[in-house]
Amino acid sequence: MARGIARAVSLGGRATAGWCSYRRVTVAVCLGNLVAALLVLRSLTAPASFAPTAPSRAEVVQYTEEQIRRVQESIRIRREAEPVELVRAVKKLRKIFAREKKRRKELPLVLKQKVSYDIVRRLHDLGDNGSLTEQREVVESWRVEKLKDIKVASSQNQTNMDLSSEETKMLKQALEFNWHTLMEDIGLWIPEEVTHTIHDDKPENEPEEEEIVAGPPLPPQCNAELHTDYDGAAVRWGLTHHKESAADCCQACLDQAKNAKPGELKCNIWVYCPSEFGCYSPDKYEHKHQECWLKQADHPKLNFKDKYSESYRDVHPNAPVIVPWMSGVTSA
């Protein structure tokens, strides 16, 4: 009896150990996790029973008569503010553009090449010396002749360019209604010739406007002359002798002549640079604004007056047209 019980116990232990293997435990854990995940997913996707109910339509839309009147007034104002005339004009333009697009047919590339070659041949016959007006006349005469040729040969459905009936019709329409567009398509552009005419509206007897010189007015004994450069022996070099104005430069010449010692040159010519950009001179120095040259000459001679001559500017290409200096010969 005891031996039988022991055997049964040993068999039960082995059965329990076989059922609780690692593989079966792992499968059981995975199944448990799967069930838990399904439960969590269901709880997330299911609608909450405690969510508040949506308000009814009658509770949301509740307007007073005053609010309804204001809404109607707003709708009326928006309708009156619509640009009715502008909308009509845009619709009309769209219809016109649609008709133009429908009427205009794109010329085949071969036909455009024939037209461009024929026009280039006409311009080549004109030569390189032809003016812009003559070039436009040649192109316009070609267009008129081609239209005339098409009308004459319309009964034969063929022109001098060996075109088919359909191509002839398209070319005629392009020459009559879309000529400028055709010129753009073939790359032909002739600029307008601009004629510049200077109109002198100034009365004959009206005096010339005097040029304004910066600084105080010059005394009469300075005998100032604009755009003038006198020659003479240098009494004081202007490279290191600057004055604020032409009047100061002339006064410096008068003071030097008055205070000159015996045997010294007495200034009787002053030359001033009034230009802020400096003044031109054929020497190697750079003459700047407010240079004041004091000179002396028994018989003063002009270096330059008013303008530099064309022959001088040909030899000196850096020379401007107008003489920038101003100077004068003082009187005792």
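At what angle do H6 and H7 pack, and how far apart are their axes? The two helices pack at an angle of about 135°, and their axes are 10 Å apart. Here, axes are lines fitted to C-alpha atoms, for helices over the stretch in contact, and angles run from 0 to 180 degrees between N-to-C directions. H6 and H7 are therefore oblique to each other; angles under 35 degrees count as roughly parallel, over 145 as roughly antiparallel, 65 to 115 as roughly perpendicular and the rest as oblique.

The structure is a predicted model, in which local features need pLDDT of at least 70 and side-chain atom pairs count only at pLDDT 80 or more, whereas totals for chains, interfaces and linings use all residues. Residues are numbered from 1 along each chain as its sequence is written, and side-chain values use heavy atoms, with hydrogens and water left out.

The chain holds 11 helices and 5 strands, where helices (H or I, at least four residues) and strands (E, at least two) are DSSP runs numbered from the N terminus. Of its 332 residues, 24% count as buried, that is, under 20% relative accessible area, with exposed meaning over 50% and partly exposed in between (1.4 Å probe, protein chains only). Among contacts with a separation of 6 or more, 71% join residues 24 or more positions apart; contact means heavy atoms within 4.5 Å.

Returning to the helix pair, the crossing of H6 and H7 is right-handed, meaning that the near helix is turned clockwise from the far one by less than a right angle (anticlockwise for left-handed). On the H6 side, the residues that meet H7 include Val115, Ile119 and Leu123, and their partners in H7 include Val138, Val139 and Trp142. H7 also packs against H8: their axes come within 10 Å and cross at roughly 140°. That makes H7 oblique to H8 as well, but this crossing is left-handed. Trp142, Leu147 and Ile150 are among the H7 residues in this contact, and Leu171 and Leu175 are among those of H8.

In soluble globular proteins, nonpolar side chains tend to be buried together. The largest nonpolar core has 18 residues, such a core being a set of buried Ala, Val, Leu, Ile, Met, Phe, Trp, Tyr and Cys residues joined through side-chain atoms within 4.5 Å. Helix H6 (109-126), helix H7 (132-152), helix H8 (165-177) and helix H9 (179-185) each supply at least two of its residues. Leu188 is one of the residues with the most contacts inside this core, and Leu188 touches Ile119, Leu123, Val139 and Met183, not counting residues up to four places away in sequence. Apart from this core lies another, of 14 residues, including Cys273 and Tyr312.

Gln256, in helix H10 (residues 246-259), is buried, with a relative accessible area of 19%. Beyond its neighbours within four places in sequence, Gln256 is in contact with residues including Val235, Leu265 and Leu294. Most residues other than glycine have a negative phi. Gln290, however, has a positive phi, near 75°, and lies in the loop between strand S3 (269-272) and strand S4 (292-305). Asp306 also has a positive phi, near 65°; Asp306 sits in the loop between S4 and helix H11 (310-315) and is partly exposed, with a relative accessible area of 41%.
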